[in-house]
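Here are some exercises to work through with the structure open beside you. Try each task before you read its solution.

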Amino acid sequence: MRPGGPLAHLRHRRSAYEQGHIGFARGKDHALRPSGIVDGSERRLTLCGLLARAVPREFSGWLEESCKTCDRVSEVRPPGRQVRLSADLAALRSLLDGAAVEFSRREHSPHPQRGAGEILADLLLAV
Ligand SMILES: [Zn+2]
């Protein structure tokens, strides 16, 4: 939630990394990188460089089953965002849809249009 963003009205939560889990053996919990594309098994890169499936909760590095490398990395580079996946995704989709409509109409509109930089800034400030 950034000031002026579409989710700025929501109650503030502390910033955290999303938790990921690797299920073989006893499994370990890792911190997922905040952006990235999932692979064919719906796994995404962790802070320690492995691939893990997302678990819908915050990573807690102090637990025994937590990856200590991810915990250390998260101490050095604290998370900059809150874990609020559904709301973030819906807001981003809404902004992307709005940007697509805005771009498609700009050639035919007699009214002044926002520049690409302004539209991109809105997307970056969304979450
Ligand atoms: Zn890890």
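Two residues are in contact here if their C-beta atoms, placed from the backbone, lie within 7 Å. This is a predicted model, where local features need pLDDT of at least 70, side-chain atom pairs count only at pLDDT 80 or more, and totals for chains, interfaces and linings use all residues. Residues are numbered from 1 along each chain as its sequence is written.

**Exercise 1. Leu 45 and its surroundings**

Task: find where Leu 45 is, which residues it is in contact with, and whether it is buried, exposed or partly exposed.

Solution: 
- Start with the location: Leu 45 is in strand S3. Strands (E, at least two residues) and helices (H or I, at least four) are DSSP runs, numbered from the N terminus.
- Next, list the contacts. Skipping neighbours within four places in sequence, Leu 45 touches Arg 33, Gly 36 and Leu 51.
- Now count C-beta atoms. A residue is buried if 20 or more other C-beta atoms lie within 10 Å of its own, exposed if 12 or fewer, and partly exposed in between. Leu 45 has 18 others within 10 Å, so it is partly exposed.
- Finish with a distance: Leu 45 and Phe 59 are 14 residues apart along the chain, and 14 Å separates their C-alpha atoms.

**Exercise 2. Check the phi angles**

Task: which phi values do Gly 49 and Glu 42 take?

Solution: 
- Most residues other than glycine have a negative phi.
- Gly 49 has a positive phi near 95°, in the hairpin of S3 and S4, which has five residues between the strands.
- Glu 42 isn't a glycine, yet its phi is positive too, near 60°. Glu 42 belongs to the loop between S2 and S3, and it's exposed, with 10 other C-beta atoms within 10 Å.

**Exercise 3. Find the core**

Task: name the residues of the largest nonpolar core.

Solution: 
- A nonpolar core is a set of buried Ala, Val, Leu, Ile, Met, Phe, Trp, Tyr and Cys residues joined through C-beta atoms within 7 Å.
- The largest one has nine residues: Tyr 17, Ala 31, Leu 32, Leu 47, Ala 52, Phe 59, Cys 67, Cys 70 and Val 73.
- Zoom in on Leu 47. Apart from neighbours within four places in sequence, its contacts are Tyr 17, His 30, Ala 31, Arg 33, Cys 70, Val 73 and Ser 74.

**Exercise 4. Pack two helices**

Task: describe how H2 (residues 85-105) and H3 (residues 116-125) pack.

Solution: 
- Axes are lines fitted to C-alpha atoms, for helices over the stretch in contact, and angles run from 0 to 180 degrees between N-to-C directions.
- The angle between H2 and H3 is about 170°, and their axes are 10 Å apart.
- Angles under 35 degrees count as roughly parallel, over 145 as roughly antiparallel, 65 to 115 as roughly perpendicular and the rest as oblique. H2 and H3 are therefore roughly antiparallel.
- Leu 95, Ala 99 and Glu 102 of H2 meet Ile 119, Asp 122 and Leu 123 of H3.

Key: Two strands pair if DSSP finds at least two bridges between them.
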